[in-house]
Amino acid sequence: MKLLHIDSSALGAHSVSRQLTADIVAELKRQATGIQTHYHDLTAEPLPHWSPVADASDPAVALGNQMLEDFLAADVVVIGAPMYNFGIPSQLKAWIDRIAVAGKTFRYGANGPEGLAGGKRVIIASSRGGMYASGPAAVMDFQESYLRTVFGFIGITHVEFVRAEGLNMGDEPKAQALQSARAAIGSLVAPVAKVA
(Lines give C-alpha, C1' and ligand atoms only; values in the text may rest on other atoms or scores of the structure.)
Protein backbone atom coordinates (compact mmCIF):
# COMPACT_ATOMS: atom_id res chain seq x y z
CA MET A 1 0.00 0.00 0.00
CA LYS A 2 1.43 3.38 -1.04
CA LEU A 3 0.51 6.53 0.86
CA LEU A 4 1.24 10.05 -0.38
CA HIS A 5 1.42 12.66 2.40
CA ILE A 6 1.07 16.32 1.35
CA ASP A 7 1.37 19.37 3.62
CA SER A 8 0.66 22.91 2.41
CA SER A 9 0.40 25.14 5.49
CA ALA A 10 2.82 28.05 5.76
CA LEU A 11 2.62 27.98 9.58
CA GLY A 12 5.28 25.33 10.18
CA ALA A 13 5.21 23.92 13.72
CA HIS A 14 2.17 26.09 14.54
CA SER A 15 0.07 24.46 11.82
CA VAL A 16 -2.98 22.47 12.89
CA SER A 17 -3.36 20.86 9.46
CA ARG A 18 0.24 19.57 9.68
CA GLN A 19 -0.45 18.12 13.14
CA LEU A 20 -3.57 16.43 11.83
CA THR A 21 -1.94 14.94 8.71
CA ALA A 22 0.87 13.54 10.87
CA ASP A 23 -1.74 12.03 13.20
CA ILE A 24 -3.69 10.57 10.25
CA VAL A 25 -0.59 8.96 8.76
CA ALA A 26 0.47 7.61 12.16
CA GLU A 27 -3.00 6.13 12.74
CA LEU A 28 -3.09 4.43 9.34
CA LYS A 29 0.41 3.02 9.89
CA ARG A 30 -0.58 1.84 13.37
CA GLN A 31 -3.51 -0.07 11.93
CA ALA A 32 -1.74 -1.61 8.94
CA THR A 33 1.82 -2.71 8.43
CA GLY A 34 3.72 -2.32 5.19
CA ILE A 35 2.43 1.12 4.23
CA GLN A 36 5.05 2.95 2.15
CA THR A 37 4.88 6.71 2.68
CA HIS A 38 6.08 9.45 0.35
CA TYR A 39 6.05 13.01 1.72
CA HIS A 40 5.94 16.42 0.05
CA ASP A 41 6.04 19.71 1.95
CA LEU A 42 4.69 22.22 -0.56
CA THR A 43 5.85 25.17 1.53
CA ALA A 44 9.42 23.99 2.09
CA GLU A 45 9.68 22.96 -1.58
CA PRO A 46 7.12 25.11 -3.41
CA LEU A 47 6.08 24.39 -6.95
CA PRO A 48 6.11 27.34 -9.32
CA HIS A 49 2.74 28.16 -10.80
CA TRP A 50 1.93 26.06 -13.84
CA SER A 51 2.85 27.52 -17.21
CA PRO A 52 2.01 26.04 -20.62
CA VAL A 53 5.19 27.46 -22.12
CA ALA A 54 7.64 25.81 -19.73
CA ASP A 55 10.61 24.15 -21.40
CA ALA A 56 10.85 20.38 -20.88
CA SER A 57 14.41 20.84 -19.57
CA ASP A 58 13.19 23.25 -16.86
CA PRO A 59 13.68 21.69 -13.37
CA ALA A 60 10.16 22.90 -12.46
CA VAL A 61 8.73 20.72 -15.23
CA ALA A 62 10.62 17.68 -13.93
CA LEU A 63 9.40 18.41 -10.39
CA GLY A 64 5.81 18.77 -11.61
CA ASN A 65 6.08 15.47 -13.48
CA GLN A 66 7.42 13.80 -10.33
CA MET A 67 4.46 15.13 -8.34
CA LEU A 68 2.09 13.62 -10.90
CA GLU A 69 3.89 10.26 -10.85
CA ASP A 70 3.85 10.17 -7.04
CA PHE A 71 0.13 10.91 -7.07
CA LEU A 72 -0.64 8.27 -9.71
CA ALA A 73 1.33 5.64 -7.77
CA ALA A 74 -0.48 6.33 -4.48
CA ASP A 75 -3.34 4.24 -3.13
CA VAL A 76 -4.06 6.70 -0.31
CA VAL A 77 -3.42 10.46 -0.34
CA VAL A 78 -3.40 12.46 2.92
CA ILE A 79 -3.52 16.21 2.38
CA GLY A 80 -3.17 19.06 4.84
CA ALA A 81 -5.43 21.83 3.53
CA PRO A 82 -5.79 24.88 5.74
CA MET A 83 -8.41 27.44 4.75
CA TYR A 84 -6.79 30.66 3.57
CA ASN A 85 -9.20 33.47 2.68
CA PHE A 86 -12.10 31.02 2.17
CA GLY A 87 -10.08 28.77 -0.17
CA ILE A 88 -6.90 26.69 -0.24
CA PRO A 89 -3.26 27.84 -0.10
CA SER A 90 -1.77 28.79 -3.45
CA GLN A 91 0.95 26.16 -2.99
CA LEU A 92 -1.72 23.45 -2.79
CA LYS A 93 -3.41 24.86 -5.90
CA ALA A 94 -0.05 24.68 -7.71
CA TRP A 95 0.16 20.97 -6.77
CA ILE A 96 -3.40 20.35 -7.98
CA ASP A 97 -2.47 21.99 -11.27
CA ARG A 98 0.26 19.34 -11.63
CA ILE A 99 -2.08 16.40 -10.98
CA ALA A 100 -5.14 17.54 -12.97
CA VAL A 101 -3.68 16.63 -16.34
CA ALA A 102 -5.69 15.77 -19.44
CA GLY A 103 -4.87 12.27 -20.63
CA LYS A 104 -3.38 11.31 -17.25
CA THR A 105 -6.03 11.92 -14.59
CA PHE A 106 -9.00 12.88 -16.79
CA ARG A 107 -10.07 12.91 -20.41
CA TYR A 108 -12.86 14.35 -22.50
CA GLY A 109 -15.01 11.82 -24.28
CA ALA A 110 -18.29 11.73 -26.17
CA ASN A 111 -20.19 12.04 -22.88
CA GLY A 112 -18.04 14.82 -21.43
CA PRO A 113 -15.19 14.64 -18.90
CA GLU A 114 -14.20 11.30 -17.42
CA GLY A 115 -11.95 10.90 -14.37
CA LEU A 116 -9.04 8.48 -14.76
CA ALA A 117 -7.61 8.59 -11.22
CA GLY A 118 -10.27 6.52 -9.46
CA GLY A 119 -9.38 3.79 -7.03
CA LYS A 120 -7.68 6.15 -4.59
CA ARG A 121 -8.71 7.20 -1.12
CA VAL A 122 -8.14 10.86 -0.25
CA ILE A 123 -8.17 12.05 3.37
CA ILE A 124 -8.01 15.81 3.84
CA ALA A 125 -7.10 17.51 7.12
CA SER A 126 -9.10 20.73 6.88
CA SER A 127 -8.26 23.50 9.36
CA ARG A 128 -10.23 26.74 9.63
CA GLY A 129 -10.10 29.77 11.88
CA GLY A 130 -13.88 30.24 11.81
CA MET A 131 -16.94 28.04 11.51
CA TYR A 132 -17.83 27.17 7.91
CA ALA A 133 -19.32 23.64 7.98
CA SER A 134 -22.75 25.04 8.73
CA GLY A 135 -24.43 28.29 9.62
CA PRO A 136 -24.23 31.67 7.90
CA ALA A 137 -20.55 31.37 6.93
CA ALA A 138 -21.10 28.08 5.03
CA VAL A 139 -21.64 30.02 1.79
CA MET A 140 -18.04 31.26 2.09
CA ASP A 141 -16.54 27.76 2.14
CA PHE A 142 -14.71 27.48 -1.16
CA GLN A 143 -12.12 25.17 0.37
CA GLU A 144 -13.92 21.85 0.85
CA SER A 145 -16.32 22.31 -2.06
CA TYR A 146 -13.40 22.98 -4.40
CA LEU A 147 -11.43 19.96 -3.18
CA ARG A 148 -14.45 17.64 -3.51
CA THR A 149 -15.09 18.98 -7.00
CA VAL A 150 -11.53 18.71 -8.31
CA PHE A 151 -10.96 15.22 -6.93
CA GLY A 152 -14.37 14.12 -8.21
CA PHE A 153 -13.50 15.53 -11.63
CA ILE A 154 -10.44 13.31 -11.84
CA GLY A 155 -12.44 10.27 -10.74
CA ILE A 156 -11.89 10.09 -6.98
CA THR A 157 -15.16 9.63 -5.16
CA HIS A 158 -13.74 8.46 -1.82
CA VAL A 159 -12.80 11.84 -0.25
CA GLU A 160 -12.91 12.15 3.54
CA PHE A 161 -12.47 15.30 5.62
CA VAL A 162 -11.03 15.48 9.11
CA ARG A 163 -12.09 18.98 10.07
CA ALA A 164 -10.88 21.32 12.81
CA GLU A 165 -12.68 24.63 12.68
CA GLY A 166 -13.18 27.57 14.99
CA LEU A 167 -9.44 27.53 15.73
CA ASN A 168 -9.21 31.32 16.02
CA MET A 169 -12.34 31.73 18.15
CA GLY A 170 -10.68 31.25 21.54
CA ASP A 171 -8.92 28.57 23.55
CA GLU A 172 -12.01 26.52 24.38
CA PRO A 173 -13.36 26.29 20.79
CA LYS A 174 -9.85 25.42 19.57
CA ALA A 175 -9.47 22.65 22.16
CA GLN A 176 -12.91 21.27 21.23
CA ALA A 177 -12.05 21.39 17.52
CA LEU A 178 -8.81 19.49 18.06
CA GLN A 179 -10.54 16.92 20.26
CA SER A 180 -13.23 16.38 17.61
CA ALA A 181 -10.66 16.08 14.81
CA ARG A 182 -8.57 13.58 16.76
CA ALA A 183 -11.68 11.52 17.49
CA ALA A 184 -12.41 11.46 13.74
CA ILE A 185 -8.85 10.30 13.08
CA GLY A 186 -9.28 7.52 15.63
CA SER A 187 -12.32 6.28 13.73
CA LEU A 188 -10.50 6.06 10.38
CA VAL A 189 -10.21 2.57 9.01
CA ALA A 190 -6.84 1.49 7.68
CA PRO A 191 -6.70 0.99 3.93
CA VAL A 192 -6.74 -2.69 3.03
CA ALA A 193 -7.24 -2.53 -0.71
CA LYS A 194 -7.76 -0.04 -3.48
CA VAL A 195 -11.06 1.81 -3.23
CA ALA A 196 -13.26 1.75 -6.33
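Two strands count as paired if DSSP finds at least two bridges between them. Helices (H or I, at least four residues) and strands (E, at least two) are DSSP runs, numbered from the N terminus. With that in hand, welcome to this structure, a predicted model in which local features need pLDDT of at least 70, side-chain atom pairs count only at pLDDT 80 or more, and totals for chains, interfaces and linings use all residues. Residues are numbered from 1 along each chain as its sequence is written, and side-chain values use heavy atoms, with hydrogens and water left out.

- Five strands make up an open sheet with parallel pairing, in the order 2-1-3-6-7.
- Strand 2 and strand 7 are at the edges with a single partner strand each, so one side of each has no neighbour in the sheet.
- On average, neighbouring strands of this sheet are turned by 15 degrees against each other, direction ignored. Axes here are lines fitted to C-alpha atoms (for helices, over the stretch in contact), and angles run from 0 to 180 degrees between N-to-C directions.
- Strand 6 and strand 7 run parallel and are joined by eight bridges. For Ile 123, the bridge partner in strand 7 is Glu 160.
- Helix 3 (residues 90-99) packs on the sheet and touches strand 1 and strand 3, its direction making about 145 degrees with that of strand 3. Contact, here and below, means heavy atoms within 4.5 Å.
- As background, strands of a sheet pair through backbone hydrogen bonds, either parallel or antiparallel.

**Helix 1**

- Helix 1 (residues 16-31) has 16 residues and spans 23 Å from its first C-alpha to its last, close to the expected 22 Å. That expected span is 1.5 Å times one less than the number of residues.
- Its buried residues are Val 16, Ser 17, Arg 18, Leu 20, Thr 21, Ile 24, Val 25, Glu 27 and Leu 28. Buried means under 20% relative accessible area, exposed means over 50%, and partly exposed lies in between (1.4 Å probe, protein chains only).
- The cover over these buried residues includes strand 1 (2-7), strand 2 (36-41), strand 3 (76-82), strand 6 (121-128), strand 7 (158-165) and helix 5 (171-186).

**Salt bridges**

- The structure contains 11 salt bridges, each one a side-chain nitrogen of Lys or Arg within 4 Å of a carboxyl oxygen of Asp or Glu. In general, side chains of opposite charge can pair when their charged atoms come close.
- Arg 182 and Asp 23 form one of them, at 3.1 Å from N to O. This pair links distant parts of the chain, with Arg 182 in helix 5 and Asp 23 in helix 1, 159 residues apart. Arg 182 is partly exposed at 38% relative accessible area, and Asp 23 is partly exposed at 28%.
- Glu 27 and Arg 30 form a salt bridge at 2.8 Å, N to O. Both lie in helix 1, three residues apart, about one turn of the helix. Glu 27 counts as buried at 12% relative accessibility, whereas Arg 30 is exposed at 60%.
- Asp 97 and Lys 93 meet in a salt bridge at 2.6 Å, N to O. Both belong to helix 3, four residues apart, about one turn of the helix. Asp 97 is partly exposed at 26%, and Lys 93 is partly exposed at 33%.
- Salt bridges that share partners connect Arg 128, Asp 141, Glu 144, Arg 163 and Glu 165 in one network.

**Nonpolar cores**

- A nonpolar core is a set of buried Ala, Val, Leu, Ile, Met, Phe, Trp, Tyr and Cys residues joined through side-chain atoms within 4.5 Å.
- The largest one has 28 residues, of which Phe 71, Ile 79, Leu 92, Trp 95, Ile 124, Leu 147 and Phe 151 touch the most other members.
- Two or more residues of this core come from each of strand 1, helix 2 (59-73), strand 3, helix 3, strand 6, helix 4 (144-153) and strand 7. Helix 3 gives the largest share, five residues.
- Beyond its neighbours within four places in sequence, Ile 124 is in contact with Ile 79, Ala 81, Leu 147, Phe 151, Val 159, Glu 160, Phe 161 and Val 162.
- A second, separate core of 21 residues includes Val 25, Leu 28, Ile 123 and Ala 164.

**A look at Met 67**

- Met 67 lies in helix 2 and is buried, with a relative accessible area of 2%.
- Not counting residues up to four places away in sequence, Met 67 touches His 40, Leu 42, Leu 47, Trp 95, Arg 98 and Ile 99.
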